[in-house]
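These notes are meant for someone opening the structure for the first time. Please read them with the sequence and the model side by side.

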Amino acid sequence: MTSNSGLAATHTPSGGDGGPVTGEVRGPVARAMSARSVVRAEGLSKEYRSPWTLKVVQGLEDMTFDITAGEVVGLLGPNGAGKTTTLKLLTGLLKPTRGSAFMFDEPITNVHSRKRLGFLPEQPYFYDYLNGREYLELAGRLSGLDSREATRRADEWLGRVGLGDRPRLVLRKYSKGMLQRLGLAAALVHGPELLILDEPMSGLDPFGRRDVRELILEQRSLGTTILFSSHILPDVEMLCDRVLIVLHGRLARSATLHDLMAHGANGVEIRCVGAPVLEIPPAWRARLERHEHADGTAFQLSDATLLDEVVQWLMQHGVRLRAVTPQRASLEELFLAAAGHDAPHAQAVS
Amino acid sequence: MIPLLIARNTFREATRDRMLAGLVVTGLALLGATQVIGVLALGETRRLTVDLGLSGIALLGLFLVLLVGTSLVAKEIERKTIYNLLSRPIARYQYLIGKWAGMSAALWVVCALLGTALWALLAVRGVHGHALSLAEAVYLTGLELTVVTSIAVLCSSLSTPVLSALYTLGFYLVGQWSYDLRAFAEKAPGVLGHTLSAIANMVPNLPLFNMRTLASETLTTTPAHLLIATLYAVAYCGCALALATAAFESRDFK
């Protein structure tokens, strides 16, 4: 257990023991070897028509993307941008107006495309007359497990998400955090190869968020392909290989986190002590800022190419260096840049 | 397989709902009450017990359909529990069939329980020879409620629980008078006659399932009647569920 509320940190991978829906090699090796497409959307569009006014609202417009096996992809965007619409289209809860999408090379209109899928909706709701064990058994059986295997995995997953001590507690007595963990267990109980999670950390306390994060990282290490939407950008930054930024129902950007960061602002922070009162040379003033702290001085250098010269200059003036730290733009800054600093959007991102 | 799993879950939902327990207790109380009322019936206690008992079973079954059955699908959409089902490899028609089958199974259990209680009550009162007619009447009531449940599923997949209940009740009432409606349609002129005739053909022919009067006289019906009623129920349920599937197939869950 990782915490009081927690999910088990170490356990046997369920996908690894061969779920009923996959006979493929799982894990990092498979992930490295395989570049096959797991999710592919081609011009996916969704329009909503009001039944009374017949007014058409564009929910999603021409989404085209490809997610390969083993990737962890974050779907970012402000409220109403089309993230949930995208996920619901992929999971068959919405019907596309135009375009097509495929999961494991099967069109999403075919129910069998969802056989290797685990889905956690935003703020999951459950049958409150069932208990945790019954619910996971039902989830497993509906995804193709036989009765005995469903029972075994239900017990296993209840334990892994920290609910194993009360398997017969009815769901109406569960707290929000417990329900979220049960939802994750239900999404994972059949050992899916693709996980789609809609705001999996929404409404969770820091312990719950950490637990969910660990579970996603664990699935990632098993080679599970993961697509998830989130508003919590540090979590996305920590978990994702790639992000899809959705704005106004359109895919604004698709980039690996590495590429995104590499093209973001690059700077260096130089921490030092014992610095006399130094006057920054006029040529550097636009690129070098000085901040005094209780434990010393920090110089913020916005242009890393000047690093050698600045360090030399500091050393010449008897400054003792404590740390030189490269600074990356945060995902939030990059997201806001992609969003064009649109004020309403910026507010929506926490 | 999938419809069976959903049916089992729906059966669990219905049977764990306090509504069902309440209705069964009400049914048993109603059977007890027939013995009090029977005193006033001047030697017709047996007939009154059977008639009221069978009517009570049909009425309580209808209440169960209206209170639980009509919200089967709509409640799942409203509470978003349907997301957890339809995001799995489940076709929408399988979901609807499962819902209908589960609710119908719960109704058959209620009919069987109350029917057995009615038979036991008559046996305790020293009235024998009712077993077959009672069994036939309860069987037909079960078929009737199964047909009404298919209408409830159809309405529930299209509308809110309250409206579904109203529509289902409307179908039930008009269905009970479908013979009268058909007779009236024949006499009505022009468009009105055609419209009424179309309505009479569309609503379920519920009098087909009513043999309460026969049972109260300890009379049985013919095997042909039972067969025709069964085939009619299967056909009507099939049509209602096919319509429900057609409507449900294109539905978005926002």
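Leaving aside its neighbours within four places in sequence, which residues is A:Val170 in contact with?

1. A:Val170 is in contact with A:Asp128, A:Tyr129, A:Leu130 and A:Asn131, once neighbours within four places in sequence are set aside; two residues are in contact if their C-beta atoms, placed from the backbone, lie within 7 Å. A:Val170 sits in the loop between α4 (147–160) and α5 (176–188) of chain A. Helices here are DSSP runs of H or I with at least four residues, strands are runs of E with at least two, and both are numbered from the N terminus. A:Val170 counts as partly exposed because it has 16 C-beta neighbours inside 10 Å. A residue is buried if 20 or more other C-beta atoms lie within 10 Å of its own, exposed if 12 or fewer, and partly exposed in between, with C-beta atoms placed from the backbone. From A:Val170 to A:Arg153 there are 17 residues in sequence and 18 Å in space, C-alpha to C-alpha.

2. On provenance: this is a predicted model, in which local features need pLDDT of at least 70 and side-chain atom pairs count only at pLDDT 80 or more, while totals for chains, interfaces and linings use all residues. Residues are numbered from 1 along each chain as its sequence is written, and chains are lettered from A and ligands numbered from 1 in the order in which they are written.

3. Chain A as a whole has 11 helices and 14 strands. Of its 350 residues, 41% are buried. Among contacts in chain A with a separation of 6 or more, 72% are between residues 24 or more positions apart.

4. An open sheet in chain A has four strands in the order β2-β1-β4-β5, with antiparallel pairing; two strands pair if DSSP finds at least two bridges between them. At its edges are β2 (56–68) and β5 of chain A, each of which pairs on one side only. Two bridges join β4(A) and β5(A) in the antiparallel sense, and A:Met103 has A:Glu106 in β5(A) as its bridge partner.

5. Between β4 (98–103) and β5 (106–107) of chain A, the loop holds A:Asp105. A:Asp105 is not a glycine, yet has a positive phi of about 65°. Most residues other than glycine have a negative phi. With 10 C-beta neighbours inside 10 Å, A:Asp105 counts as exposed. In chain B, B:Lys80 also has a positive phi of about 65° without being a glycine. B:Lys80 lies in the loop between α4 and α5 of chain B and counts as partly exposed because it has 17 C-beta neighbours inside 10 Å.

6. Strand β6 (residues 117–120) of chain A is covered on both faces: A:Leu117 and A:Phe119 are buried on one side, A:Gly118 and A:Leu120 on the other. β6(A) runs parallel to strand β7 (residues 194–198) of chain A, and four bridges join them. In β7(A), A:Leu197 is the bridge partner of A:Leu120.

7. The largest nonpolar core has 142 residues; such a core is a set of buried Ala, Val, Leu, Ile, Met, Phe, Trp, Tyr and Cys residues joined through C-beta atoms within 7 Å. Those with the most contacts inside this core are A:Leu136, A:Ala185, A:Ile196, B:Val110 and B:Val153. α7(B) gives the most to the core, 14 residues. Another core, of eight residues, lies apart from it and includes A:Val268 and A:Cys272.

8. In α8(B), the buried residues are B:Pro161, B:Ser164, B:Ala165, B:Thr168, B:Phe171, B:Tyr172 and B:Gly175. They are on the same side of α8(B) because they cover an arc of only 130° around the axis, the arc being that of the directions from the helix axis to the C-beta atoms. Exposed residues B:Val162 and B:Leu173 are on the face of α8(B) turned away from its buried side. Among the elements that cover the buried residues are α3 (45–67) and α7 (131–156) of chain B.

9. Where the chains meet, 21 residues of chain B are in contact with 22 residues of chain A. On the side of chain B that touches chain A, α1(B) supplies the largest share, six residues.
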